Amino acid sequence: MRVYNTMTKKKEEFVPLVPGKVSMYVCGPTVYNLIHIGNARPMIVFDTARRYMEHKGYEVNYVSNFTDVDDKIIKKAIEEGTTAEEVAQRYIEECKKDMEGMNVKPATTHPLATQEIDGMIDMISTLIEKGYAYPAADGTVYFRTRQFKEYGKLSHKNLDDLRAGNRSLLVSGEDQKEDPLDFVLWKPKKEGEPSWPSPWCDGRPGWHIECSVMSKKYLGEEIDIHAGGEDLIFPHHENEIAQSECCNGKEFARYWLHNAFLNIDNRKMSKSLGNFFTVREIGEKYDLQVLRFFMLSAHYRSPLNFSADLMEASKNALDRIINAVDNLKFLAGSAAEGEMTEAEKKEAEGLTEYEKKFDEAMDDDFNTADAIAAIFELVKYANSNVTAENTKAFINAVKEKIISLSDILGLIVEKEEEILDSDIEKLIEERQAARKEKNFARADEIRNLLLEKGIVLKDTREGVKWERA
């Protein structure tokens, strides 16, 4: 398996630190609002990379944080007259709902910045002791950027060019910095803001320090993969490297993976242009599986353009796979039982060619576009060659191959069978009988079974009413 490493600007053979295990850190969202489709791209892309590595037999320790203390969260809390904690918790839950809709697996660990403050204070203290950081008179702690000789190695930026050309780095409080390029590790509290005690002042951490601390705590001082959107390369990931390597004295991450930007109708997404979409808004028009398919239809390092036409095309393409699976299921229903014929066995062996093409695409820096193309070749084969004359065993073998390859990409292509009204009524009768017999465990089991199938029961004076959710 080869991956493109932002650090070296080339594809490299992936060799984990520990054979058979992968440690992977992916920068998560700042939770002050519903996530937008720009947030969704790294979530989907790196969830797919994780799924593929698990398919290859790796045990993946996947960590993705929630930034739950930040200026935007505090601003939102002030606007709403509530606390930053309440805002963050609300939007973490909303984010998890959207992730579930996109079939993004929960991380092994989802750490929260506010729960890792002690670790941040410890790392900052170590950086001060080693001479890489210093506290200013007001309690702000800065990192001495020039002390880390390799600063700029990820973004391939030169420190002197940054000093001369990037005035956006110069922020308030310049006069107390030793160098304008030094960045904040800890900042003093302001009135009405959440804060924590530290050796320097009551305050809160800078943004960059949290990922260095969480990565170290949950994955170790050296990790295999650090990933995120390309907008994080500089300064966020550059600063993470500086902090981590100066503190730990080791290489921070072996491989740096970054997904490209998402544009809307060939323009950058922004609220001012009116082309800003949340995942929730997209979910009102499309199944979020369509959004996932759309995100995977291009290579993750290629800029991706979002438009209504492209979403429609993605819906139609995904429907082709779903309909092929549905058709195979229908054919299997009336097909002959028994073992495959000799001819079918040869055909079934040939299915591995599609899997091989799929794996070759994914082994080449997670090329999901070509992996999807391999699935479509299999769909075309199924539509052209599988008939009611085939045995059930062969039809199911073709169906399961399409489902399993799609599943590696996190695409759900098997329709859930809708429960019939008559079956619902029978289960309700069984539940009523169980309640009369005081077998409440069975009654609850039936209610939960129906709920899983989208059937909501309401106990009324007139009896049990039900409706499809």
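Begin at the largest cavity: helix H1 supplies the largest share of its lining, 3 residues. The model is predicted, so local features need pLDDT of at least 70 and side-chain atom pairs count only at pLDDT 80 or more, whereas totals for chains, interfaces and linings use all residues. Residues are numbered from 1 along each chain as its sequence is written, and side-chain values use heavy atoms, with hydrogens and water left out.

**Stop 1: the cavity**

Select Val 45, Thr 48, Ala 49, Met 295, Leu 296, Ala 298, Tyr 300, Met 362, Phe 366 and Thr 368, which line the largest cavity. Both H1 and H9 give two or more residues to this lining; helices (H or I, at least four residues) and strands (E, at least two) are DSSP runs, numbered from the N terminus. The volume of the largest cavity is about 50 Å³, and the structure holds 1 cavity of 30 Å³ or more. On a 1 Å grid over the protein atoms alone, a cavity is a set of points where a 1.4 Å probe fits but cannot get out; a pocket is an open set with protein on both sides within 12 Å along at least five of seven lines, and lining residues have an atom within 4 Å of a point. Grid points are joined across faces, edges and corners, and a volume is the space filled by probe spheres set on the points. The cavity lining comprises 8 nonpolar, 2 polar and no charged residues. In this classification Ala, Val, Leu, Ile, Met, Phe, Trp, Tyr, Cys and Pro count as nonpolar, Asp, Glu, Lys and Arg as charged, and the others, Gly among them, as polar.

**Stop 2**

Buried means under 20% relative accessible area, exposed over 50%, and partly exposed in between (1.4 Å probe, protein chains only).

Next select Met 53, which touches Met 1, Phe 14, Val 22, Met 24, Tyr 58, Val 60, Ile 225 and Phe 366, not counting residues up to four places away in sequence. Contact means heavy atoms within 4.5 Å.

**Stop 3: the annotated positions**

Select Cys 27, Cys 211, His 236 and Glu 240, listed under "binding site" in an unreviewed UniProt entry. These positions are spread over 214 residues of sequence but cluster in space, the largest C-alpha distance being 11.2 Å. UniProt positions are given in the numbering used here, feature names are shortened, and annotations may be inferred rather than shown by experiment.

Cys 27 lies in the loop between strand S3 (21-26) and helix H1 (37-55). With a relative accessible area of 11%, Cys 27 is buried. Beyond its neighbours within four places in sequence, Cys 27 contacts residues including Ser 64, Asn 65, Cys 211, His 236 and Glu 240.

His 236 lies in helix H7 (residues 233-248) and is buried, at 1% relative accessible area. Leaving aside neighbours within four places in sequence, His 236 is in contact with Cys 27, Trp 207, His 208 and Cys 211. In helix H7, also select Pro 235, which a cis peptide bond joins to Phe 234, with omega about 5 degrees.

The unreviewed UniProt entry also lists Lys 271 under "binding site". Lys 271 sits in the loop between strand S12 (267-268) and helix H8 (279-285) and counts as exposed, at 55% relative accessibility.

**Stop 4: positive phi**

Most residues other than glycine have a negative phi, and most peptide bonds are trans. Asp 365, in the loop between helix H12 (352-363) and helix H13 (368-385), has a positive phi near 55 degrees. Asp 365 is buried, with a relative accessible area of 0%. Asp 265 has a positive phi near 50 degrees and is partly exposed, at 47%.

**Stop 5: the second largest pocket**

Finally, select Asp 287, Ile 412, Glu 414, Lys 415 and Glu 416, which lie nearest the centre of the second largest pocket among its 22 lining residues. This pocket holds about 610 Å³ of space, and its lining has 7 nonpolar, 4 polar and 11 charged residues. H10 gives the most to the lining, with 3 residues.
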